[in-house]
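Work through the exercises below with the model open. Try each task before reading its solution.

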Amino acid sequence: MGTTYAYIRVSTKEQHEDRQKIAMLEYGISPERIILDRQSGKNFMRPGYQALVEKLQPEDTLVIKSIDRLGRNYSDILEQWRIITKEKQAAIIVLDMPLLCSKRDRTNLTDTLIADIVLQLLSYVAETERTFIRQRQAEGIAAARARGQRFGRPKMQRPAEFETLKTHYERGDISARKAAEILGISHTSFLKWIKN
């Protein structure tokens, strides 16, 4: 019969996997068989995914919410699909696209043709969306910079006591750590300020 696993992926730590997790639990997958990666879909070098593919056996089933949760690179998605369904002889179910279910009668050439065409189309769409995300992000950053917005942490203002403590440090009267403690900063920041 085989074991059924679920794979969930979110791109960043700020994103939540709740929607995908609920779908998997409703499908009947036990929580210990749900594998999660918090990583970009640009490639398949994800620890959870790699461990999952390693443990897949013939007759097992991998369930994903949508094709873009598997990945966002067209050729890589097709290659991983081939590895799972052909080499591992496991099945894949895409909840948002039942037509892609590889558990269907694969001896039926029409079913196979339709599933392969839909897979290629959806893989293309996933990669195109990744390209658009990067483009929108770059455009947003450029627009923000044009408005004068700065990125990163603002430079820390040196307290008035810095010059006095710098003099004492240079004379050897006080350590960098003690001076930094008085200023309320890290000793590495204090040393950087000394160099600059």
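**Exercise 1: a loop residue**

Glu59 sits in the loop that links helix H2 (47–55) to S3. Helices (H or I, at least four residues) and strands (E, at least two) are DSSP runs, numbered from the N terminus. The model is predicted: local features need pLDDT of at least 70, side-chain atom pairs count only at pLDDT 80 or more, and totals for chains, interfaces and linings use all residues. Residues are numbered from 1 along each chain as its sequence is written, and side-chain values use heavy atoms, with hydrogens and water left out.

*Task.* Find the phi of Glu59, and decide whether Glu59 is buried or exposed.

*Solution.* Start with the backbone. Phi of Glu59 is near 80°, a positive value in a residue other than glycine. Most residues other than glycine have a negative phi. Now the surface. Buried means under 20% relative accessible area, exposed over 50%, partly exposed in between (1.4 Å probe, protein chains only). Glu59 counts as exposed because its relative accessibility is 53%.

Gln89 lies between helix H4 (74–87) and strand S4 (91–94). Its phi is near 55°, again positive in a residue other than glycine.

**Exercise 2: the sheet**

*Task.* Give the strand order of the open sheet, then name its edge strands.

*Solution.* Two strands pair if DSSP finds at least two bridges between them. Applied here, the order is S2-S1-S3-S4, with parallel pairing. S2 and S4 are the edge strands, since each pairs on one side only. Neighbouring strands are turned by 25° against each other on average, direction ignored.

**Exercise 3: strand S1**

*Task.* How many bridges join S1 to S3, and how many pair S1 with S2?

*Solution.* Take S3 (residues 61–64): three bridges join this strand to S1, running parallel. On that side, Tyr5 stands opposite Leu62. Turn to S2 (residues 34–38): five bridges, also in the parallel sense. Here Tyr7 faces Ile35, and Arg9 has Asp37 as its bridge partner. Finally, check the cover. Six of the seven residues of S1 (residues 4–10) are buried.

**Exercise 4: helices against strands**

*Solution.* A crossover is right-handed if, with the strands pointing away from the viewer, the path from the first strand over the helix to the second runs clockwise. S1, helix H1 (residues 18–27) and S2 make a right-handed unit. Axes are lines fitted to C-alpha atoms, for helices over the stretch in contact, and angles run from 0 to 180 degrees between N-to-C directions.
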